[in-house]
Amino acid sequence: MEFVKPGNHVLYVWISRVQSGLEKAVNEIRQLRDVVVSVENSDRLEESAYANSTFDIIISHCSSDSTTADKLKLFLNLVKPQKPVVFIFLKSDEATLDSFEFQLKTSGFVNVRKNASHVFVAEKPNYEVGSSVKLSFATKKPTAAVWKLDDDEDEEAEVINEDDLLDESDKKKPDEASLRVCGTTGKRKACKDCSCGLAEELSGQKKDTPKSSCGSCYLGDAFRCGTCPYLGMPAFKPGEKIQLSSDQLMST
């Protein structure tokens, strides 16, 4: 038997429909050096008869009604990891053979291959059936960086006084006028058509403040002189601040 190696422990499984040639096949296997053969009828083979992973190879004659899911599971338990199980089919139609190949894969066998027209070889995976491995899904929390002083650090080392970092000029309250910025640019820089007085302030100039020569400007046009800068404006209360446009400040 080409699949059996010297020193193997072989399980040879036969079915009632195949009895002729059984003794001859078993004797041929026994001719190999240090080979031990256990012969079982497929209908009588039970899981309790042998311990798991007992055999180096299982050779089984089979038919469509002898390859049940329970039987395949039993073979998978009895053979050692990474060792083969050889299924020798009686003549069956192609549909049955194709479905059997799929059945082997879904039962847990690997490296399934069709070695001849009616012979399949499949292997047990490289782990024991029913074995488990604990999976850890815990993520390692990052360790926060911590400042740590060396043990030999001088505990009496001189510490800088924060007050010494400021001089008297830093402690002075700034003039509010120096904090005023342009409403257009948002900076202490006057825009092109500055009318808020920032341009004059930055250049050291001040807008001319109109002064009344008669003291009657606030009463209205009827009391104002011909050159009054408030001509055309409504009367206002004495001392009330009146905003004049640039055109009104220009002499005509």
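C228 counts as buried, at 6% relative accessibility. Buried means under 20% relative accessible area, exposed means over 50%, and partly exposed is in between, with a 1.4 Å probe and protein chains only. C217 is buried too, with a relative accessible area of 5%. How far is the sulfur of C228 from the closest cysteine sulfur? That distance is 3.4 Å, to C217, and it is too far for a bond. A disulfide here is a pair of cysteine sulfur atoms within 2.5 Å. So the count of disulfides in the structure is 0.

Some ground rules. This is a predicted model, where local features need pLDDT of at least 70, side-chain atom pairs count only at pLDDT 80 or more, and totals for chains, interfaces and linings use all residues. Residues are numbered from 1 along each chain as its sequence is written, and side-chain values use heavy atoms, leaving out hydrogens and water.

Now the fold. The protein chain has 6 helices and 6 strands. These are DSSP runs, numbered from the N terminus: helices are H or I with at least four residues, strands are E with at least two. Along the sequence the pattern reads β-α-β-β-α-β-α-β-β-α-α-α. The chain has 252 residues, and 30% of them count as buried.

Next, the inside. A nonpolar core is a set of buried Ala, Val, Leu, Ile, Met, Phe, Trp, Tyr and Cys residues joined through side-chain atoms within 4.5 Å. The largest one has 23 residues. L11, I58, F75, F87, L104 and F109 have the most contacts inside it. Two or more residues each come from β1 (9-14), β3 (57-62), α2 (69-78), β4 (84-89), α3 (94-106) and β6. The largest share, 5 residues, is from α2. Another core lies apart from this one, with 17 residues, including F3, V4, L22 and I29.

Take F109. Contact means heavy atoms within 4.5 Å. Leaving aside neighbours within four places in sequence, F109 touches L72, F75, L76, V85, F87, L104, A122, E123 and K124.

Last, L166. Where does L166 lie? L166 is in the loop between β6 (119-123) and α4 (168-171). Its relative accessibility is 47%, so L166 counts as partly exposed.
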